[in-house]
Amino acid sequence: MLTDWSALLLRRDFHADPALAASVLSMFSVAMFISRSISDTIMHHVRESTFLLFTAIIIALTIPATCATGSVPLVMAGIVVTGFFVGPLFPLALARGGRVAPKHLAEVAAALSIIGYAAHLGGPPLIGFAAEHTSLTFTVTAVVIIVAVALLVMVLVSVWKACETEAT
């Protein structure tokens, strides 16, 4: 969502300079690249569930809080921070899929790719539709919170299952 809508969000809703608004996509992408590049190192020092929980909290708070300020630099920083925390999620999902179903890694990778492509194809029009009826700022904030809550639920279910497995 942020790759498709962040520049327009900054330009239209926060009146950022067009070049500055357009640059946020590059900054978001660089943040994702950096975090994906160091995600293995991060995972050697932090438990996966802790990282995912922290990521859910950061995602849930960063965009809504920075959008509430109305400050272009803060909104841009929030988008970059979100990119940094979102970056490792796909590799982590692949790794988790490999641990859960090691004999079906190709199917797991295909399913994750289908979900990703469906989000890229269906997400922008749905967000645009919702933004037409509310505002882009509200829609982006709502989607970010929904994604963070979904991530939080997945972490809690995963931790609950791990605790249940240890108890038996």
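Here are some exercises on this predicted model, each with a worked solution.

Before you start: residues are numbered from 1 along each chain as its sequence is written. The model is predicted, so local features need pLDDT of at least 70 and side-chain atom pairs count only at pLDDT 80 or more, while totals for chains, interfaces and linings use all residues; side-chain values use heavy atoms, with hydrogens and water left out.

**Exercise 1. Find where His 15 sits, and work out whether His 15 is buried or exposed.**

Step 1: Look at the loop between α1 (2–13) and α2 (18–45); that's where His 15 lies. Helices here are DSSP runs (H or I, at least four residues; strands are E, at least two), numbered from the N terminus.

Step 2: Check the accessibility. Buried means under 20% relative accessible area, exposed over 50%, and partly exposed in between, with a 1.4 Å probe and protein chains only. His 15 has 64%, so His 15 counts as exposed.

Step 3: Now the backbone. Most residues other than glycine have a negative phi. His 15 isn't a glycine, yet has a positive phi of about 60°.

**Exercise 2. Classify the ring pair of Phe 51 and Phe 85.**

Step 1: Recall what you need. A pair of aromatic rings is described by the distance of the centres and the angle of the planes. Rings of Phe, Tyr and Trp (its six-membered ring) pair if their centres lie within 6.5 Å; planes under 30 degrees apart are stacked, over 60 edge-to-face, and the rest tilted.

Step 2: The structure holds three aromatic pairs. In the one made by Phe 51 and Phe 85, the centres are 6.3 Å apart and the planes lie at 20°, so this pair is stacked.

Step 3: Phe 51 belongs to helix α3 (residues 48–69) and Phe 85 to helix α4 (residues 72–86), 34 residues apart, so the pair links distant parts of the chain. Both Phe 51 and Phe 85 are buried.

Step 4: Phe 84 and Phe 85 are 5.7 Å centre to centre with 80° between the planes, making them edge-to-face. Phe 84 is partly exposed at 28%, whereas Phe 85 is buried at 14%.

**Exercise 3. Compare the span of α3 with the expected value, then see what follows α3.**

Step 1: The expected span is 1.5 Å times one less than the number of residues. For α3, with 22 residues, 32 Å is expected.

Step 2: From first C-alpha to last, α3 reaches 31 Å, close to that value.

Step 3: Ser 49 lies in α3 and is buried, at 15%. Leaving aside neighbours within four places in sequence, Ser 49 is in contact with Val 155 and Val 159.

Definitions and conventions: Contact means heavy atoms within 4.5 Å.
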